[in-house]
Amino acid sequence: MGKRRGGWEAVRGLSKRQKKHLREFGEEHPFYDKVSGRPEATQICDLSENSDKSSAESDSETEVEQISVYHKLLATLKTSPESESETEEEEDESESEEAGVSETELDSDGSQETGEADGGEEDENDAPDQEEEVTAGDTSEQTLGQKQADDTDTACDPSHGAIEEFTDVKHESEFSLETNFMEEESGGCNADQRDSSSAQAISEDPFKLHMDKELEEKEVEKISTLLKTSSQSKWPRLGQLTFSSTLEHKTLKADKEVDMKQLHLHKPLESTWPKVNKQFLSSMNKPSDASFTPLQRELFCIMSTYRDLFYPESNALTNGEEIRHAYCLHALNHVLKANAQVLSNNAKRRDQKPGAANDDYRDQGLTRPKVLMVVPFRESALRIVHIFISLLEVNDRKKIDVSNKKRFKGEFGFDPEEKPPNLKRPEDYEAVFAGNIDDHFRIGVAILQKSMRLYAPFYSSDIIIASPLGLRTIIGAEGEKKRDFDFLSSIEILIIDQADIFLMQNWEHVLHLMKHINLLPLDSHGVDFSRVRMLNLNNWSKFYRQTLLFSALQDPQINSIFNKHCFNYVGQVAVRNVPLSGSISHVVVQLPHVFRRLEAENSTSVIDTRFQFFINQVLPEYRDAIMSHTLIFVPSYFDFVRLRNYFKKEDLNFTHICEYTKKAAVCRARHFFLKGEKQFLLFTERFHFYKRYTIKGIRNLIFYELPTYSHFYSEICNMMKATDNGVDATWTCTVLYSKYDAQKLSAVVGIDRTAQMLQSKKTVHLFVTGENE
């Protein structure tokens, strides 16, 4: 909250609603606080902007009063008479303000959401604009992205000090792990719960086995070397699996059937999961395996052992929701078990005699957040929260209490009527870009068995759901005054879903996240060190963290995350199925495909080698006027800029379309290219990912590099039939590749042809597609 100014000048500038609030409560409406150094007219007239600016002023004061605000946010981790009294005063104040705030806040939320929807759905035109942070070398775009972060997303950040607006102070004590006990949570079932806990311990609950394992110094040093032993195994549904580990190496066997009692699911998941997952089950499922699909059964079998998992065959159109339900079950099961352990120990500590040893109750991390879920769009976060709610509701009579649910639906939901009516795109595009596709968000979720709290402060949250951009703006960069990543210190499960989309956004944000996760916090945040596990105090959290990585494709950058940033002592499991037939088989036009191999010494030099190979050996063949209507497909934006600058320098007749090109310029470029007024068209993969426009007039096609998404290859080639004017005999397609493109190449031509093309002494290979008439 900003400082309130007194005087008649301030009163004259108030609206009727503000004056009414001033008379009733003796203070200005908290939503309309003025911020020093900013126009008062803007503060009063633009409600949605006032919300953001009020939050921005709160951020500025957070830096000055950092300690007090942290203690206020971390009420769940520190209990004292002073903090309890402060909480009671805040509850009284929030209750008195709530009546005046509610109506205005709802109006503001509505207007703000309308703005987001308008900005994100007009023919999907603003999707690349939300990604303007991608060009790391472009300072102006980074500045724009930072400004956008400050102006539009500060309100969604609980840890930036917007306490009055986004922290549910009224329910803080209800969700505190330190001030609640097992009796309060489960009532008269406390004895049953303790019996259940002992039964789980006897039957070797994977959660307890994993978290109670005590590593030795020698084992930690061995894990840090990343020298792993691996083995292969083939499962019925997942296919070829690679098991790797630095310590004791064990290979799992696929369970043909699943007994719900042996999964160690916490109440009420054992009873709610079959109902929630019913939509994915078929009549073919066996009675003994009536709650999991074959894919879910094998995935959950791996997840429940707390091994790291990389599954590169997750598809939003086919099995995306099926996989999302499986990892949500695992994450929620982990959180409920961890919280139940804390509440049970609270009761034991309360009942023990004064002066007794407390070292037996180490059940927490240095900070409360346990699960971090990284997803690309708000729609993904919305679906995850809905799954959590469904899993916690035993039946229609026993609805759980969800705080701030209406606000959450307003900010993360989407009105189908706002979608352009005549927008026709491929099915996979519709599946990926369904709902709210804003990619700048973060939200904390606190969970107890009977209630859920949305927009919880990060240090009072059990689960954090965020996008890479949303995390990057709070983590900040070295040298920035306002940055915070302590809440990532004790993450026990990291889930990265739809990782391939992050390649189309900004992969640097993902790398930045991985560098700041599981570090020792810079502040104690009021934690009770007598309750902190020794693994956290030893800074060994990363060796216990489970990473679940889901993607639609295999890519070297995604593989690097899994191989270099995951140190789980239990080991890793990666699905490594190879494509037998590539996407070239889906090309329907009669077209010769010429694959030209370039030789590079290493992976870093391949960028310059490809550029020199293109301008010296490929481009001269297309400079002739007879080779007009040439589209050059460029996956990397940096390569696109380099080629654009070279074309300008050589004064070539060309036009270009990238993800930052405005709609009018796109229309002109497409028109000039179709009419032949421009000989070359530079075309980026990210533009095609976000727009999927059909480019007409293509006669010659050059793939400067193989596309990230293999099906883009066939889509671009099939665009040639959009202008069938009887000159198909002159169509050409040239593809540049190197040995470092093996994964992309196999997805296009298949694994057998890839091996031949990479090992052959010949550097040119020809394929012909289409039916011969």
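## What "buried" means here

A residue is called buried when its relative accessible area is under 20%, exposed when that area is over 50%, and partly exposed in between, using a 1.4 Å probe and protein chains only.

The model is predicted, so local features need pLDDT of at least 70 and side-chain atom pairs count only at pLDDT 80 or more, while totals for chains, interfaces and linings use all residues. Residues are numbered from 1 along each chain as its sequence is written, and side-chain values use heavy atoms, leaving out hydrogens and water.

## Salt bridges

Side chains of opposite charge can pair when their charged atoms come close. The rule used here for a salt bridge asks for a side-chain nitrogen of Lys or Arg within 4 Å of a carboxyl oxygen of Asp or Glu. Count them up that way and you get 23 salt bridges.

Take Lys370 and Asp462, whose side chains form one of these at 2.8 Å, N to O. Lys370 sits in the loop between α15 (320-351) and β4 (371-374), and Asp462 in the loop between β7 (451-454) and β8 (463-466), so this pair ties together parts that are 92 residues apart in sequence. (Helices, H or I and at least four residues, and strands, E and at least two, are DSSP runs numbered from the N terminus.) Lys370 is buried at 7% relative accessibility, and Asp462 is buried too, at 0%.

## Two more pairs to look for

Asp741 and Arg610 also join up in a salt bridge, at 3.0 Å from N to O. Asp741 is in the loop between β17 (732-737) and α29 (742-749), while Arg610 belongs to helix α24 (residues 606-622), so the pair connects parts 131 residues apart in sequence. Asp741 is buried, with a relative accessible area of 7%, and Arg610 is buried at 3%.

Then there's Glu715 with Arg692, a salt bridge at 3.3 Å, N to O. Glu715 is in helix α28 (residues 710-718) and Arg692 in the loop between α27 (685-691) and β16 (700-703), which puts these linked, distant parts of the chain 23 residues apart.

Now for helix α14 (residues 294-303): it is mostly covered, with 9 of its 10 residues buried.
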